[in-house]
Amino acid sequence: MIDKKILSEHNLTEEEYRRIIELIGKEPNITELGIFSLMWSEHCSYKSSKAHLKKLPVKGEHVIQGPGENAGIIDIGDGLAAVFKIESHNHPSFIEPYQGAATGVGGILRDIFTMGARPIALLDSLRFGPLENAHNRSITDGVVSGIAGYGNAIGVPTVGGETYFHPSYSLNPLVNVFCLGIADKNKIFYAKAEGPGNAVLYVGSKTGRDGIHGATMASAEFDEDSEKKRPNVQVGDPFKEKLLLEACLEIMDQNLIVGIQDMGAAGLTCSTSEMASNSGSGIEIDLDRVPQREEGMTAYEIMLSESQERMLLVASNDKVKDVQDVFAKWDLDAVVIGRVTDGDRLKVRFHGETVVDIPVDSIVNLCPLYLRPSRRPDYLEDTARLDLPEQPEDLNAVLLQMLDQPTIADKEWIYRQYDHMVQTNTVFLPGAGTALLRLKGTESGLAMTLDGNSLYCYLDPRTGGKIAVAEACRNLACVGARPLGVTNCLNFGNPEKPGIMWQFMEVIEGISEACLAFGIPVTGGNVSFYNDTEGVSIHPTPVLGIVGRIEKIDRAVSTCFKSEGDLIFLLGENREELGGSEYLRTVHGTERGLPPIIDLDDEKRVQEFIISVIDEGLVSSAADPSEGGLAVCLAECVFASSREFGFAVELDDEMRTDALLFGETQSRILLSAAPDKKITLLSAAKNAGVPLREIGRVGGTRLDIRHRDRSVIDIPILEALRVWKNSIPERMSTKT
Amino acid sequence: MKCGVVIFPGSNCDFDTHHVLKNVYGRDTVFLWHKDHSLHNCDLVILPGGFSYGDYLRSGAIARFSPLMQELQEFADRGGMVLGICNGFQVLLELGLLPGAMLRNKNLKFLCRHVHLSLENTATPFTNRGEKGRILHIPIAHFDGNYYTDPATLIQLKQNNRIVFRYCDTDGKITDESNVNGSMENIAGLINKDGNVLGMMPHPERASEAILGSEDGRVVFDSVFHYLKTGSLQ
């Protein structure tokens with residue numbers, strides 16, 4: 001009998017249970033209840049978010065596939081399609097960092113190749129607690145090793161991403177993994193179970209007890225007992241996935257299948273029911289035929305297992321042998337475990353008995369959706385008030401302190417562990433902010449970036465959402481690429497708390513408004529709620545993954561200064577804005593004020609301008625100031641260059657020097673150009689109606705900034721470089 | 001002249017190597033499946049980088065038992081040109097075509113970066129187009145690249161000038177600091193006694209096109225094509 005205790009173990013409410021009975025016309029047995037528990041979990045059903053996600057713009061001229069499939073797809077010309085998505089693996093990565101992160105990579109890769117695309121790039125957005133804490137170091141080390149262990153072995157380069165450190169992630173790290181693959185535009189595969197009588201094949205690893213209730217785990221808050229959930233984390237086998245990838249692409253290339261779906265969250269349950277539901281079919285499987293790696297597994301366990309590296313295929317009966325031959329070539333099993341049926345039911349047999357018999361629709365589409373109550377959180381009244389602290393005397397020391405902040409510091413310790421060059425498409429090495437890949441056989445390239453400032457979102461979620469989109473697009477523009485499509489990973493606390501729900505709704509409003517302004521569609525993504533541990537929520541953290549295209553890859557520019565004597569220009573206006581800045585947080589220990597304002601029209605003009613002057617070959621480098629403002633951005637333009645030119649910059653803006661140097665005003669880009677390009681650049685800016693002014697020149701061996709005729713920053717490059725480079729390695733090598 | 005790139009389960013630089021041979025150099029290039037028993041009359045056989053058999057047990061340890069390795073061994077014994085890159089080098093060590101073994105990198109982490117290599121021996125089929133002492137800028141990407149061998153073998157390797165590439169600094173100096181993975185004598189690449197089998201940890205196929213930042217890897221391909229065409233090391 002299903003009682004309250006069982007319901008609560010399955011994270012289902014009594015009301016939801018009553019709805020289940022109503023939908024299936026009987027009391028569910030324990031296996032059926034397990035199925036509902038998974039499919040109606042927040043993770044699988046999006047029951048708290050669906051109504052709000054509808055606000056995101058999803059249409060665009062380049063869209064081939066919007067949200068709702070394994071991944072979004074956009075047309076990138078030359079007969080090619082880019083298939084991409086971002087997904088979170090936060091909860092597993094907290095409990096078991098290596099495997100949690102590794103299987104996060106494995107999962108997103110399957111989402112991409114399941115559609116017929118060969119994955120060519122991985123990026124990660126990682127958020128950890130401060131590295132001064134040993135537990136955070138061990139999580140950071142485990143997550144980075146896990147990403148490396150999986151991505152390197154399977155041979156998909158990890159080409160970029162971002163890493164933030166903040167106390168709100170101490171008990172709740174975020175691991176968001178983005179993957180992009182390339183497919184022939186006319187050879188895309190979907191999760192379809194069409195054609196009654198067609199065979200349902202199980203391929204890949206054998207099923208074990210790992211990961212049972214993973215999706216349910218990801219839909220609840222953590223408490224002191226979270227360690228006990230370690231067995232819920234799956235274990236990854238990148239070698240097996242590599243074989244699966246090659247075998248799947250081979251059968252798709254030979255057109256041997258009707259449909260395909262990976263077994264990710266909710267495993268066999270999700271893949272069978274979703275494929276059937278997508279095609280208006282029923283599906284029947286026999287669990288005795290499912291390859292198993294443990295003895296004595298129950299129907300409940302087999303249906304709910306989240307063992308990795310498994311896929312479900314549907315093929316017509318005359319193709320089954322050919323499919324099996326391809327899998328045999330790659331030393332993999334492909335076993336017929338059932339068939340597509342007329343009607344609308346998921347039927348599961350086990351030891352000769354029917355153990356599940358329910359309508360697929362009830363599991364996939366009829367989960368109750370919630371418009372959860374929302375309320376503007378009280379803290380916002382307080383944080384909006386900002387009494388600016390006094391400006392420190394020694395701004396050199398401030399800049400060094402900023403460069404030492406791990407969020408700003410060099411990330412080489414991380415990306416050196418990733419194979420970021422395999423597949424030989426990587427044009428810009430990681431650390432550049434934006435990943436740039438050439439597309440073999442074409443003149444074009446793809447640029448990708450991940451972005452999202454959670455402190456802005458904490459202080460003003462709507463503005464934070466807008467800035468996340470604007471900044472990601474700006475990153476692409478600085479390379480010379482135009483944005484084509486967006487995927488997002490929305491990481492929030494417990495949506496049953498009205499304040500969290502409000503943050504979520506506001507962020508979505510912000511993202512929608514910015515996407516509409518830029519004319520870029522959201523093609524999919526992922527929501528991760530319940531990022532709370534012991535009642536403390538993370539800062540609201542939307543991570544925007546934006547993909548752009550550059551028509552002529554050889555025109556792309558990077559962030560680093562190129563030649564001594566080049567002039568440095570500032571595109572955009574400086575404003576005295578310190579609210580929500582990394583400077584206030586790091587140097588003054590305060591997270592207050594309002595984030596910088598963002599005017600999307602100004603932003604678009606600035607981006608259009610930089611894309612056009614890069615295309616015309618007028619620019620040597622371009623970079624957008626973000627965390628740490630102008631001063632940090634200038635320093636990074638130096639550090640990124642192997643030739644290590646310094647700079648001399650003079651600013652005359654009437655404002656506090658610290659705000660000028662470290663404020664994070666939006667819609668600004670620092671660019672450098674040869675002196676003979678100056679007149680053309682300035683007149684182009686005038687015509688485009690964007691503010692552009694010369695502020696200095698590249699050269700020398702120092703970071704040299706003057707403000708209104710006073711030297712405010714003057715540091716030898718090597719001294720600053722050492723601080724920036726050593727920050728993360730030194731912290732990670734702390735033993736205590 | 002025909003080139004073959006072996007695919008083991010878990011190879012992941014097979015396409016990259018094929019791309020350079022076929023599209024950058026325009027050579028007739030085929031893939032060779034590890035379960036086959038034929039090298040399809042290739043004049044040059046490359047064992048590419050990757051994680052053959054997941055690098056489970058030990059890098060290259062399972063791949064050396066692939067059926068095709070029997071033919072490869074015979075081909076090498078007959079003087080056929082064999083190049084092992086990264087995991088391919090590890091397989092050559094396991095096959096005994098080159099001496100020694102790979103330990104974990106000294107920092108116990110996977111390492112992906114550009115390194116400087118000193119070209120130590122240009123009198124080989126794989127390096128004859130380079131100048132001795134030239135500094136090459138080529139990436140590495142491996143976990144197990146820390147070369148080790150017994151002292152007697154090391155002496156032989158040195159005496160017979162079989163160390164082809166060594167990790168060095170930007171000025172070409174062989175230093176401990178530039179020894180990225182802790183290899184004995186900074187060894188990055190070795191050749192067999194007859195000069196027809198080269199193993200190297202750095203990836204020349206990742207440094208063969210200007211758009212990727214370096215073309216220094218081409219010296220290896222230029223040289224072997226020159227040798228195969230002319231039979232000369234000059």
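Start where chain B meets chain A: there are four salt bridges between them in this predicted model. To see one of them, select Glu209(B) and Arg438(A), whose side chains pair up at 2.8 Å, N to O.

Stay at this interface and look at polar contacts: 11 residue pairs, both partners at pLDDT 80 or more, link chain B and chain A this way. Now colour three pieces of chain B: helix 1 (14-24), strand 6 (111-119) and strand 7 (135-142), each of which supplies at least two residues to the side touching chain A. Strand 6 of chain B gives the most, with four residues. Colour that side of chain B by class and you'll get 15 nonpolar, six polar and seven charged residues.

Next, select everything in contact across the two chains: 28 residues of chain B and 34 residues of chain A. Together the chains bury about 2,500 Å², with 63% of that coming from carbon and sulfur atoms. Which residues of chain B lose the most area to chain A? Pick Lys109(B), Cys112(B) and Ile211(B), which together make up 22% of what the chain B side buries.

Zoom in on Glu636(A), Val638(A) and Phe639(A) from helix 23, which meet Ile717(A), Ala720(A), Leu721(A) and Trp724(A) from helix 26. By class, that contact has six nonpolar residues, one charged and no polar.

Definitions and conventions: Residues are numbered from 1 along each chain as its sequence is written. Chains are lettered from A and ligands numbered from 1 in the order in which they are written. This is a predicted model: local features need pLDDT of at least 70, side-chain atom pairs count only at pLDDT 80 or more; totals for chains, interfaces and linings use all residues. Side-chain values use heavy atoms; hydrogens and water are left out. Contact means heavy atoms within 4.5 Å. Buried area is the accessible area (1.4 Å probe) that two parts lose on being put together, summed over both. A polar contact is a pair of N or O atoms within 3.5 Å; within protein, one must be able to donate a hydrogen and the other to accept it, and residues adjacent in sequence count only if both atoms are side-chain atoms. Ala, Val, Leu, Ile, Met, Phe, Trp, Tyr, Cys and Pro count as nonpolar, Asp, Glu, Lys and Arg as charged, and the others, Gly among them, as polar.
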